[in-house]
Amino acid sequence: MEKHDKASWPYVKRKQRGTPVLGMEVVGPLRQAQPETLIPIDTGYEGFLLLGEDRYTELGLNLAELPRRYWPEAETVTGEVFRLRRALAMVQIPKAGIELEGYIDTFRGNTEDLVGLTLLDTLKLLLEGPKQLTCLL
Amino acid sequence: MIKASLPKDLEEAFRRRAMERYGFSKGAVSKALEAAVSLWLRYDYEPQGEEEANNKAFESMRTELESRHPGMYAVIAGGQLVSVYRSLAEALPAGVRHSHRLVFKIGERPAKVRLGWRSTIKPLGPT
């Protein structure tokens, strides 16, 4: 970690390529303790945090859901449009002592956990490509 | 094998779009039907039990909540309003008594969300 960084995480190999990640804990309504999880950053996803359906259920996010009227539509890069399921939760970045509030999305068939642009809007990040590190400044 | 009938104008429009999308081949309509059904299955979740009751309760009190408590966090469980809170930290913790709860910031409305290339969708299983 560089001197001016609050925290940093090595890229994670996905499909033979290093992918920038952030280490975080999602605090749902059940408030159960869980270890820090490394979640890939996806600047193509406009939301806050996308979780796989199974993880969404494990965290008890069905106990903090938005009314169905407020579930947003999502559009994939191929133009498919469908309804997201959405809940409110707190996200902690333990290494940096940061706690954020935001919307957690999932959808039927989703297996990916992704950090989106809305969460990134709150952070100062440096992607240090040569060292394969995501640094929180 | 599913057999069904559609209104004539809808069937014609569907066949026309299927041919445009998949070509003038024998399987074009079947392919288009499969895509349409997959999309429909993914589009929405069917509310059940407490979830349905909570959403009905929300709809019945939405206007009043928006006029009386804008910007506050509301919790609906067991088909009724539990309380409104100043912060999410206060509203979030839940006991195990409920199978579903609504927690939301009153008056906040969602925008359409674009998903990136990394989002992958596994084939749909039984619902």
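**Reading strands, chains and their meeting side**

A: Let us start with one pair of residues: L50(A) stands opposite D105(A), a residue of β10(A). This is a predicted model, in which local features need pLDDT of at least 70 and side-chain atom pairs count only at pLDDT 80 or more, while totals for chains, interfaces and linings use all residues. Residues are numbered from 1 along each chain as its sequence is written, and chains are lettered from A and ligands numbered from 1 in the order in which they are written.

Q: Which strands pair in the parallel sense over two bridges, with β10(A) as one of them?

A: Strands are DSSP runs of E with at least two residues, helices are runs of H or I with at least four, and both are numbered from the N terminus. Two strands pair if DSSP finds at least two bridges between them. Here the partner of β10(A) is strand β6 (residues 49–50) of chain A, and the two are parallel.

Q: What is the pattern of chain B along the sequence?

A: Chain B has four helices and four strands, in the pattern α-α-α-β-β-α-β-β. Strand β1 (residues 73–77) of chain B pairs with strand β2 (residues 80–85) of chain B in the antiparallel sense over five bridges, and V75(B) stands opposite S83(B) in β2(B). Two residues separate β1(B) and β2(B) in their hairpin, and G78(B) in the turn has a positive phi of about 60 degrees.

Q: How is chain B divided into domains?

A: Domain bounds come from an automatic or database domain assignment. In chain B, domain 1 covers 8–43 and domain 2 covers 49–105, and their C-alpha centres lie 40 Å apart.

Q: How many residues of each chain are in contact across the two chains?

A: Two residues are in contact if their C-beta atoms, placed from the backbone, lie within 7 Å. By that rule, 41 residues of chain A are in contact with 33 residues of chain B. On the side of chain A that touches chain B, at least two residues each come from β7 (73–75), β8 (81–83), β9 (85–93) and β10 (98–106) of chain A.

Q: What confidence does the predictor give?

A: The complex has an ipTM of 0.89 and a pTM of 0.81 from the predictor. For each residue, pLDDT is the predictor's confidence, from 0 to 100; chain B averages a pLDDT of 87, and 90% of its residues score at least 70.
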